[in-house]
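Hi everyone, thanks for coming. I have one structure to walk you through today, so let's get it up on the screen.

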Amino acid sequence: IASAGGWDTSLTLVNLGTSQGEARLNFFSDSGSAPWLPFTFPQHAEQGTTLGGTFDEPLAANASLIFDTGPGSQTPFAGSAQLLTSGDINGFAVFTYMPSGQAATVPLENRSASSYLLAFDNTGQVATGLAIANLAASAADIHVVVRNDAGAQIATGSIHLAAEGHNSFMLTDGTNGFPATAGVRGTVEFDTPSGGRISVLGLRANMIPNSSDFAITTLPLLAQVGKTGGAMAHFASAGGWQTTFTLVN
């Protein structure tokens, strides 16, 4: 979740059920504290701006609800959000850098895996980062294993997160990241602490030709849960488009 400082995040919730459900959205800062953010509701513009860090909203069957945070002059914020629901409610977020219009989607993570794997590419004009959140009510040290694209281990480390804390950085960052990822492709494994739960998202920046700006997208995390195989619903080739497929064992 990114708000202010040029950033705007829109969150969309959808009730997939046949009866009303209650949705609670809790927002957390890097330190795990509840931020004080400005929110607007595009479907109910007459409500104006509401300040808060937790929202409880009922959703009728098949209904959707949109929250938006970003406009205003408050201090720039980056953190995470958690959805709790008594019904069959799902959703996603879209964060946008308003000066350039670059936007990317954050899916709702509902898996609980023993580890998650981020496939990264730090070659050429591409750079990979990540956002990671600790969903547990106690501080956690997340063990990290970095491998190259041949599967050989090239580095290890850990990421410390406060209770319900968050962090985001580029993989090559000298303070928080893993310098061994510079100039190579590979994977980063994040091991869920015993009794804990984490959520991780890949961030990818690709330099726009003849510009100092970057195109932003997100990368899904892979996990050993669910069935083997699957489908990729869309790819584009030629006419100015290029599609890269990444497979990981």
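I'll start with the overall fold, then move to the strands, and finish with the salt bridges.

A word on the source: this is a predicted model, where local features need pLDDT of at least 70, side-chain atom pairs count only at pLDDT 80 or more, and totals for chains, interfaces and linings use all residues. Residues are numbered from 1 along each chain as its sequence is written, and side-chain values use heavy atoms, with hydrogens and water left out.

Next, burial. Of the 249 residues, 39% count as buried; here buried means under 20% relative accessible area, exposed means over 50%, and partly exposed is in between, with a 1.4 Å probe and protein chains only. As for contacts (heavy atoms within 4.5 Å), among those between residues at least 6 apart in sequence, 72% join residues at least 24 apart.

Now to the strands, where pairing requires that DSSP finds at least two bridges between them. Let's look at strand 2, residues 7-15. With 7 of its 9 residues buried, strand 2 is largely enclosed by the rest of the structure. Strand 2 pairs with strand 10, residues 89-97, in the antiparallel sense over 9 bridges, and Leu13 has Gly91 as its bridge partner there. Strand 2 also runs antiparallel to strand 7, residues 64-69, joined by 6 bridges. In that pairing, Val14 stands opposite Ser64.

Strand 12 is another one to find on the screen. Strand 12 and strand 17 are antiparallel partners over 7 bridges, with Ala119 paired to Thr187 in strand 17.

Side chains of opposite charge can pair when their charged atoms come close. The structure holds 4 salt bridges, each being a side-chain nitrogen of Lys or Arg within 4 Å of a carboxyl oxygen of Asp or Glu.

One of them joins Arg185 and Asp121, at 3.1 Å from N to O. Arg185 sits in strand 17 (residues 185-191) and Asp121 in strand 12 (residues 115-121), so this pair links parts of the chain 64 residues apart. Are the two partners buried or exposed? Arg185 is partly exposed at 42%, whereas Asp121 counts as buried at 17%.

Another is Arg24 with Asp56, whose closest N and O atoms are 2.9 Å apart. Arg24 lies in strand 3 (residues 21-28) and Asp56 in strand 6 (residues 54-59), so the pair ties together parts 32 residues apart in sequence. Both are partly exposed, Arg24 at 37% and Asp56 at 36%.

Glu109 and Arg111 also form a salt bridge, with a closest N to O distance of 2.8 Å. Glu109 is partly exposed at 22%, and Arg111 is partly exposed at 24%.

That's my tour, and I'm happy to take questions!

Technical notes
Helix = DSSP H or I, 4+ residues; strand = E, 2+ residues; numbered from the N terminus.
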